[in-house]
Amino acid sequence: MADIKGILFDKDGTLVDFNATWLGIADFMAMDAAEGDRWKADRLLSAAGFDFVNKRFRPDSIFASGTNMDVVELWFPRLSDEDQMLAVARFNEITSVQGSSMAVALPGIVETLTALHKRSYRLGVATNDSTSGAEKTMVTLGVAQLFDAAYGYDAVANPKPAPDTIYAFCDLTGLKPAQIAMVGDNRHDLEMARAGGCGLAIGVLSGTGTRESLSSIADIVLDSVADLPDFLAARVKETI
């Protein structure tokens with residue numbers, strides 16, 4: 001087993017409480033796109049994966065795991081390329097400013113990240129949000145200083161589930177993919193880990209993913225990132 005020295009975290013649903021942070025923002029985006037038409041906005045939310053019965057986004061749905069470009073392509077399929085980019089810029093502004101300012105950390109996240117940093121793990125964020133949104137969110141949570149870098153979908157040529165972010169993190173830290181653990185709440189996080197040759201693909205149940213949706217591709221499924229220090233410590237002991 002490779003010695004894990006770096007950890008890449010998905011953001012929403014992994015470090016940030018997805019529903020507490022994003023339900024209001026998703027609704028704002030849908031109402032903005034629908035020009036204030038409540039019925040149309042609800043149809044857009046449903047198409048993006050919102051389950052109105054359970055009041056949460058479905059695992060691996062567009063809004064749970066896609067980029068703002070994915071949302072624009074879904075909601076505005078007939079826009080010209082120019083108008084499409086304007087719509088993406090508008091959504092980037094919404095998610096970067098409002099999403100970061102309204103971010104709610106999952107229980108134990110700040111303490112866990114601090115503990116991992118003290119153990120000299122190199123930490124990074126890999127998200128399909130914008131890079132600006134990710135960086136601002138880490139500042140809001142008070143953990144920005146613990147991370148080497150945050151990578152949004154716009155920081156690499158190909159966002160998750162492509163492995164570009166893993167390679168970028170390796171270039172920055174000097175680590176090999178086998179020395180990196182990828183942690184996330186959706187399959188695309190773990191698919192990126194597999195594609196990039198990560199040493200560990202770790203699923204967490206703190207977001208939109210379920211044990212059923214994650215277990216077939218994850219090396220281990222934990223309840224949350226708060227369980228990560230103990231898991232890694234136990235894994236090190238097994239190798240001694």
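## Close-up views of a predicted model

View 1. Leaving aside residues up to four places away in sequence, F147 touches F9, L15, L113, L123, G124, V125 and M138; here a contact means heavy atoms within 4.5 Å. This is a predicted model, in which local features need pLDDT of at least 70 and side-chain atom pairs count only at pLDDT 80 or more, while totals for chains, interfaces and linings use all residues. Residues are numbered from 1 along each chain as its sequence is written, and side-chain values use heavy atoms, with hydrogens and water left out. F147 belongs to the largest nonpolar core, which has 29 residues; I7, F9, L15, L113, L123, F147 and L228 touch the most other members. A nonpolar core is a set of buried Ala, Val, Leu, Ile, Met, Phe, Trp, Tyr and Cys residues joined through side-chain atoms within 4.5 Å. Two or more residues each come from β1 (6–9), α6 (109–118), β4, α7 (131–141), β6, β7 and α11 (228–239). A second, separate core of 24 residues includes A26, L44, F63 and A64.

**View 2. The open sheet.** Look here for six strands in the order β5-β4-β1-β6-β7-β8, with parallel pairing. The edge strands, β5 (149–151) and β8, each pair on one side only. From one strand to the next, the twist averages 25°. Strands (E, at least two residues) and helices (H or I, at least four) are DSSP runs numbered from the N terminus, and two strands pair if DSSP finds at least two bridges between them.

View 3. Is β7 buried or exposed? Five of the five residues of this strand (residues 200–204) are buried, so β7 is largely enclosed by the rest of the structure. Buried means under 20% relative accessible area, exposed means over 50%, and partly exposed lies in between (1.4 Å probe, protein chains only). L200, I202 and V204 cover one side of β7, with A201 and G203 on the other. Four bridges join β7 to the parallel strand β6 (residues 180–184), where A181 stands opposite L200 and M182 stands opposite A201. Three bridges link β7 with β8 (residues 220–222), also in parallel, and I202 has I220 as its bridge partner there.

View 4. Which residues of α8 (residues 164–173) are buried? They are D164, T165, I166, F169, C170 and T173. These buried residues pack against β1, β4, β5, β6 and α9. Just after the helix, G174 takes a positive phi of about 80°.

**View 5. Two domains side by side.** The domain assignment gives domain 1 (6–17 + 104–238) and domain 2 (19–102); such bounds come from an automatic or database domain assignment. Their centres, taken over C-alpha atoms, are separated by 23 Å. The contact takes 23 residues from domain 1 and 22 residues from domain 2.

**View 6. M85 in helix α5.** M85 lies in α5, which covers residues 81–101. At 45% relative accessibility, M85 counts as partly exposed. M69 is 16 residues apart from M85 along the chain, and their C-alpha atoms are separated by 8.1 Å.

How values were computed: Axes fitted to C-alpha atoms, helices over the stretch in contact; angles between N-to-C directions.
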